[in-house]
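Please look at the structure below and follow the report with the chains in view.

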Amino acid sequence: MVTADVIVVGGGLHGCSAALQLAKRGASVVLVEKDYIGRHASGANAGGVRQLGRVLAEIPLSVASMEMWHGIEDLVDDHCGFESHGQVKLAESEADLETCRARASALHTAGFEHEEVIDEKQLRELVPAAAPHVVGGMVSRADGAALPFRTVQAFRNKAERLGARIIEGVAVSDIRRDGRDFVAQLADGQTLSAPKLVNAAGAWAGRIAERFGEPVPLEAVAPMLMITERRAPFLKPVVGATSRTLSFKQFANGTVLIGGGYLGRAEPDTNRTILDYAKLGENARTVRDLFPVMHDARIIRCWAGIEARMADGIPVIGPSRTEDGLFHSFGYSLHGFQLGPICGSIIGELVTTGQTNLPISPFSIRRFAPSGRQSTGF
Amino acid sequence: MKTLSHVNDLAEHYDLVVIGAGPAGMAAATLAADKGAQVLLVDENPTFGGQIYRAVSSTPLKDRALLGADYWKGEAIGAAFSQSQADYFPGATVWQLSPELELGISSGGRTAVLHARRVIMATGALERPMPIKGWTLPGVMTAGAAQILLKTSGVAVSGKVVLAGCGPLLWLIAAQYLAAGKRFDAILDTTPRGNWRTAMKDLPGFLTSPYLAKGLKLMAKVRRQAKIISGVTALAAEGEGHLARVRYTAGGREVVIEADHLLLHQGVTPNINMASASNCELEWDDAQLAWKPKLDDWGNTTVPGIAISGDGAGIAGAEAAAERGRITALDALAGLGIISIAQRDEQAKPIRSELNRYDRGRVFLDRLYQPAQQFRVAGEDTIACRCEEVTGGQIRKAVTTLNIAGPNQLKSFLRCGMGPCQGRLCGLTVSETIAEARGSTPEAVGYYRLRAPVKPVTLAELASLKQSETEIRTVARG
Amino acid sequence: MFQRLPDPSGSPVSFTLDGRPLEGRQGDTVSSALLAAGVETCRSSAVSGEPRAPYCLMGVCFECLVTIDGVGNQQGCLVALRPGMQVETQIGRGKRELAR
């Protein structure tokens, strides 16, 4: 029997970040991961570190997390491949540009200034390779990108150095409340016991929530990505589009990452993802239209990670509705990577002090309670 | 056979798609087409034959004795395939195969998608990587490459030539070169001396093997005509911009010789890239020191509808490959409802007894020619991943300082396996190097998780794919 | 050094390499024609810029990449040589690491 102050289930970025912050606050932590650290969404996403285009409820968290990203090496002793050349959203028409202006003004009203509308000249300075029809866009200058797996591994290593215990390759076969403690039965026969439990199990987190009587509308999805061979340099910021879905960036090594949230098929029971090439074809057409320089680029690899998407598109963060001592951090719905640092910190605070200064009520699991308040967070 | 030259010539549906036109693929396609199945055979190369019978229908070499009698056995297999009703698409690449047996096929910069009811992969073998210092220098190539040059073009490597490594194919290639009137400045035999001891217990099986007499004859012939240095324990290629010298150690003595060409070979391993990218489960073979697909008695993989035959299913040689191709074809025909299970079993009997003959002595050969550890892992300054230029030292450092457990985790830090060859060449080296650094086994550290495209495909080709009928659901990016 | 064995069959095939006329034989792949013509180094590595030459000639290693009729990064060992082909080496174009 391994006893600790906190059990964290799930070794993705959010689990590792929570373990790090808990250990930093003096808690004894044991983290259990059924595969290896960063095996799924955390290690297989596009690595976008983005405030641009987030729903209002997430912006305070995103802004606080961005502060942490800009000091990431102080936090985890590794640069995580983080580079900040901004994120840009292309406007392909006057109508697109109008959408950008409306967005900027809505943010301004809410007190945020990080998204700026830019005209064609400014856009071409930032993204010289954009197709001739692009008329301008929007930029969030502090944004950037990092290397996903490297980042998770850095959080994990730092958590371990701070005293957290990491168990990889072992699934939790049963978890229940036994008096004061949560008792987790592991597939290899070990038992873990702790008064606090953090559910950071990503696409598998719904099972734990359901185990404690609070089922959630969570779907396991598999957003697809592709990467090219090394190309001559042509792009620094991460680029998206206003009226099409795209995530597009060139790494320092010359390779180009292409995504856009097109979904393959996730099989969470077998860890498999099945790619949908027709949708990747659509993704490729968008790139061809917006970046003519890419027509002869060779795609070396396509993949998808398994992750959780909530019915309302925003995560579940905060204490359980049904079980004292249980805290959730899951369901990041394809945009959780940038939030990793801050959400670990929020969980660290919640578990050790019971409160946080950040506005997390929109993310409460109560929104899914049968008779509860149906907050969407929008 | 009907030769296709454009993706537009492809049908939308086939009963059976065979991938690879070596002995296994040709035999499987011929048998299935002869029984009335609609068959497509796709192959990357411009001509059929695979590597072992490469250019068997087109080689410019007029002297048949040069390549040896075994090579010409491919003629009959090729002739039977030419007379079959199968569609044959040379110079075409299968870049994806889904669990629903949808295939993406690309040729001449164009791509098409088609469906199969059954698929047989006959993707053959590739030469085991032999990472030595300087092996990326021009002037260093695989011995197999030298043999391919001879077969396709009647071109021989000349000047000061050194052949190094181990395995039956090394001796075959040496004999073919000698028969062509070429010479070697040295043949450096890296077979570990201890292998004879471990292989001896399997010698009785080998004594009844059809390979025995042939093998001994070959070796004797080469020994008479070339300078062979055995017990080579270290090897490096040196030069500025091109190979100039080969440095080796034998019997504890270091020697440097001048060389224009160094030909490397240390056996062949199953080409498992497509199998793995198609989600077929793999297993580690401790005698052959390689991964191979998990298969049933009919060559079926763990993915329904996909079978594997020939050396891609585990190394057994060219003659066994054709028989294994026929076995998988019979099961495909039964699956397609063209023959009954009883007919399948009946027709497989003589093929299986033939196969048993080739199996004899295989374990002895596997054990005898197991390459030494120092030639399977990358040394401190030796490049393991040629595409991304990652050294053995970098891998060991990442494993120990960054807490890296396996090849998939390593990719994010060093990019090994992320270049254009998609890990084909470095996969075994990287797994073995990680295993050594962790005091573990390749089986435990695992292999690259391979994904489509199985071969690189251009953005323009992908963009030309038809839009899916299902609604494309999209969400904000992360 | 590479030598054609005496008296091989197959008719000559004319092509150009970096604009210079060369001759291969029917049955050649682009890579085998280049090697037979004495051209070993066909590209520079995309990482260090070091010279590289065909290594496996069977589609595995991607060392034999050349530009054929304007399309870059083609595996020369898998493409049959055709009359009039315009082949270009990729020497000096390889070093693509950005200095940011």
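Which residue is the bridge partner of C:Leu65 in strand S7 of chain C? The partner of C:Leu65 in that strand is C:Gln75. Before going further, please keep in mind that this is a predicted model.

**A hairpin in chain C**

Strand S6 of chain C, residues 65-68, runs antiparallel to strand S7 of chain C, residues 71-75, and three bridges join the two. Together S6(C) and S7(C) make a hairpin that has two residues between its strands, and in the turn C:Asp69 has a positive phi of about 50 degrees. In a regular strand, side chains alternate between the two faces of the sheet.

| Chains | Residues in contact | Area buried | Share from carbon and sulfur atoms |
|---|---|---|---|
| C and B | 36 residues of chain C, 48 residues of chain B | about 3600 Å² | 59% |
| A and B | 57 residues from chain A, 43 residues from chain B | about 4500 Å² | 53% |

**Where chain C meets chain B**

On the side of chain C, the residues C:Leu5, C:Tyr55 and C:Met58 supply 22% of the area that chain C buries against chain B, which is more than any other three residues supply. Two salt bridges are counted between chain C and chain B, and the side chains of C:Arg52 and B:Glu389 meet in a salt bridge with an N to O distance of 3.0 Å. Side chains of opposite charge can pair when their charged atoms come close. There are also 19 residue pairs in polar contact across this interface, both residues being at pLDDT 80 or more. Strand S1 (2-4), helix H1 (30-36) and strand S5 (51-52) of chain C each supply at least two residues of the side that touches chain B, and the residues of that side divide into 20 nonpolar, 10 polar and six charged. The two chains also share strand pairing, for S1(C) and strand S10 of chain B, residues 155-157, pair in the antiparallel sense over three bridges, with C:Gln3 in S1(C) standing opposite B:Ala156.

**Where chain A meets chain B**

In chain A, the residues that lose the most area to chain B are A:Tyr277, A:Ile300 and A:Arg301, which together give 16% of what that side buries. Two salt bridges are found across the interface of chain A and chain B, while the side chains of A:Arg230 and B:Glu388 meet in a salt bridge at 2.2 Å, N to O. The count of residue pairs in polar contact between these chains, both at pLDDT 80 or more, is 17. Several elements of chain A give two or more residues to the side that touches chain B, among them H7, strand S14 (218-228) and helix H9 (277-290), and H9(A) gives the most, with 10 residues. The residues of that side divide into 25 nonpolar, 15 polar and 17 charged.

**A salt bridge within chain A**

A:Glu160 forms a salt bridge with A:Arg156, with the closest N and O atoms 3.1 Å apart. Because A:Glu160 and A:Arg156 are four residues apart in helix H7 of chain A, residues 148-161, they are separated by about one helical turn.

How values were computed:
Residues numbered from 1 in each chain as written. Chains lettered and ligands numbered in written order. Predicted model: local features only at pLDDT ≥ 70, side-chain atom pairs only at ≥ 80, totals over all residues. Heavy atoms only, no water. Contact = heavy atoms within 4.5 Å. Buried area = accessible area lost by both parts, 1.4 Å probe. Salt bridge = Lys/Arg side-chain N within 4 Å of Asp/Glu carboxyl O. Polar contact = N/O pair within 3.5 Å; in protein donor to acceptor, adjacent residues only side chain to side chain. Nonpolar A, V, L, I, M, F, W, Y, C, P; charged D, E, K, R; others polar. Pairing = 2+ DSSP bridges.
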